[in-house]
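Please look over the sequence and the 3D structure below before reading on. A short report follows them.

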Amino acid sequence: MELRQLEYFVAVAEEGSFTRAAERVHVAQPGVSAQVRRLERELGHDLLDRSGRAVRLTDVGAAVLPYARAALDAVACARAAVDEMAGLVRGRVAVGMVTACTFGGLFDLLARFHRAHPGVEVQLSEAASDRLVAAVLEGRLDFALVGLAGRDAAPPGLEVAVVADEALVVAVADGHPWAGRREVAVGELDGEALICLPVGSGLRATLDRACATSGVQPRVALEASSPGVVAELAAEGLGAAVLPESSRGTPGLHVVDLAPETRGQLAYVWRAEGPASPAARALVAEVSRT
């Protein structure tokens, strides 16, 4: 029994005609007829009734038809699985990360993925968190590392894996009135010259959210896309920097807690329905192993 015999039999049964079946499978009509006859001889029964104007299934043919279809479906699934693996080997995955990212976990993740799938091309780009989120939702990116203003800040349609959860702090230089304090209330930021990441970043969204809750209008005097640059500007006495708590220990800065505690997250995000390509699905699967 050959697959083409099953294919021709199914085609004739569904078309009700050897001629139309031949057109469907792109084989001459005598060839289709001959292969179906061979299948019938092998099974020892007629599968098709050829006595009328239209070809009809015999009782045996009606019993065999579901199994013939199932066999062809199984072969199609096997081919699809092979094609998917080939797509993984030759695939591409588009990854985004927040501008000036220093989170080593992402780099470790990409390194492990590259070792496991060296044939996959990884495209990495930087942008603000809001733009990265939009790109993932629109399918322009498969996966991204973004900053979120709280665990409930991710829009619908995304899966979220939080990889860092930090409180925001205020960092000031020597001589600043807050340099000797342990904490600063969010309300005290009103009118203060602040140094912060730009609009669109997760940290900025967290700050704006906290200020809005306290009825404060923050005055961001200086913006920089890198937390390191924000810290350096504050160390020069140009204002009070709003940074994640991991900035503690930066030379020349006094780090003061922000009250009430205000936290932001760094998270991997991807589409909730799952990435489209095999390569992207493999990268998401790698996240679960971290």
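This report covers a nonpolar core, one serine and a pocket.

The model is predicted, so local features need pLDDT of at least 70 and side-chain atom pairs count only at pLDDT 80 or more, while totals for chains, interfaces and linings use all residues. Residues are numbered from 1 along each chain as its sequence is written, and side-chain values use heavy atoms, without hydrogens and water.

**Core.** The largest nonpolar core has 35 residues. Such a core is a set of buried Ala, Val, Leu, Ile, Met, Phe, Trp, Tyr and Cys residues joined through side-chain atoms within 4.5 Å; buried means under 20% relative accessible area (1.4 Å probe, protein chains only). V93, L106, F143, Y268 and L283 have the most contacts inside this core. Among the elements that each supply at least two of its residues are β3 (92-98) and α5 (104-116), but α9 gives the most, with six residues. Helices (H or I, at least four residues) and strands (E, at least two) are DSSP runs, numbered from the N terminus.

**Serine 201.** S201 sits in the loop between β8 (193-196) and α7 (202-214). S201 counts as buried because its relative accessible area is 11%. A polar atom of its side chain lies 3.2 Å from the backbone nitrogen of R204.

**Pocket.** The largest pocket holds about 710 Å³ of space. Its lining of 32 residues includes V98, L197, P227, P244 and L266, which lie nearest its centre.

| Lining class | Residues |
|---|---|
| nonpolar | 16 residues |
| polar | 14 residues |

Terms used: Buried < 20%, exposed > 50% of the residue type's maximum accessible area, 1.4 Å probe, protein only. Polar contact = N/O pair within 3.5 Å; in protein donor to acceptor, adjacent residues only side chain to side chain. 1 Å grid on protein atoms, 1.4 Å probe; cavity = no way out; pocket = protein on both sides within 12 Å on 5 of 7 lines; lining within 4 Å. Points joined across faces, edges and corners; volume = space filled by probe spheres on them. Nonpolar A, V, L, I, M, F, W, Y, C, P; charged D, E, K, R; others polar.
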